[in-house]
Amino acid sequence: MREFCIRWSKRFFICSAAVLFLFCAGCGSAANRGKSTVRIGVGLYRSDDTFINNLRRELEQYAKEYEQESGTKIVLDIQAAKGNQSVQNRQVDRFVSLDCDVLCVNPVDRMAVSSIIDKAMAADIPLVFFNRQPSTEDMNRWDRLCYVGVDAKETAVLQGQIVADHYREHPEQLDPNGDGVVSYVLLEGETSHQDSLIRTEWSVKTILDKGVPLERLTGGIGNWERSQASALMEQWLGQYGKKIELVLSNNDDMALGALDAMERAGITGICVVGIDATDPGLAAVREGKMIGTVSADKAGYAKTIFDTAVELSEKGSTAKEKYYWCRQEILTGVEN
Ligand code: BGC
């Protein structure tokens, strides 16, 4: 029988050790106390990213619940930028002209957010960035600026743990050719994304540190996308065939792309591990197609973005930390 196994990360709510950023009470000038409507401008980097769309759904759901419970009308104006920073900048101009009370932005280019910060500061509209982390320098420019995300190193260590645990329990599945080494291919997200760089480094390091012998066959940039990962995997299957024993993927969508290529090639028996616990990723774990995934608590993630935004808009300040790291957990399908 397959049982869905959930292990909470030891590091619940690990918030930035450095900054317990209590925002100054003096910035209440722009506060929105007692307003019966809160207008939130939400900027997404793209409209077709599975993880971001899962987050969007949670945000919309939570906004509805909040509206019903509080009696405050919530207007969520959600715009996606087609992966283009200039488009997103124009969307932010529009949010400002519509007199939004707060902005929640998932930047296209996390290193090019200074003009968004300029616009928000000039209009005195607080700003919550999420998922794509701006530089510390940018984040420190204003006290009405927060970031919500996941700790990328923690994600990677959890992914590494999934592989190490699986190797301990089923070495024959991770090393079917029995040569004593797990031969893997690596699917990486966007090069400019903090999560790709850190996930790749720490996932491999964790697996090695936990005593699993690893050999890298090849790797490539799938930019978080299922179709790009599928094309890469198709190529690698042609090159290495069943020599590939493990697909380490920076996210679930690319892991699913690898599975698509395996299905087309009629190849089974390669272990695949992802990150995100998106709906289709989770389904693949449940069906035993993936050995596991790392889940960010998406409901908590969306709630934190929303609560921080509303608090900033209503009170002009928040007692929350400047950085908030959502809790994560390992999800695996375990044979009993
Ligand atoms: C997620 C990816 C997603 C990316 C978007 C990452 O944290 O794991 O699935 O595509 O964020 O920025």
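Modeller: Before we start on this predicted model, one definition: a charge sits over a ring if NZ of Lys or CZ of Arg is within 6 Å of the ring centre and within 35 degrees of the ring normal.

Colleague: How do H5 and H7 cross, then, left-handed or right-handed?

Modeller: The crossing is right-handed, with the axes of H5 (residues 152–169) and H7 (residues 194–209) coming within 7 Å and crossing at roughly 35°. The residues of that contact divide into seven nonpolar, seven polar and three charged.

Colleague: Switching topic, how many aromatic pairs are there in the whole structure?

Modeller: A search of the whole structure finds six, and one aromatic cluster is formed by Tyr62, Tyr66 and Phe306.

Colleague: Which helices do those three sit in?

Modeller: Tyr62 and Tyr66 are in H1, and Phe306 is in H11, where they are among the residues through which the two helices meet. By class, that contact has 12 nonpolar, one polar and five charged residues.

Colleague: What's the angle between H1 and H11?

Modeller: Their axes cross at roughly 55° and come within 8 Å, and the two helices are therefore oblique to each other.

Terms used: Residues numbered from 1 in each chain as written. Predicted model: local features only at pLDDT ≥ 70, side-chain atom pairs only at ≥ 80, totals over all residues. Heavy atoms only, no water. Axes fitted to C-alpha atoms, helices over the stretch in contact; angles between N-to-C directions. Helix = DSSP H or I, 4+ residues; strand = E, 2+ residues; numbered from the N terminus. Left-handed = near helix turned anticlockwise from the far one by under 90°. Nonpolar A, V, L, I, M, F, W, Y, C, P; charged D, E, K, R; others polar. Phe/Tyr/Trp six-rings, centres within 6.5 Å; stacked < 30°, edge-to-face > 60°. Parallel < 35°, antiparallel > 145°, perpendicular 65-115°, else oblique. Contact = heavy atoms within 4.5 Å.
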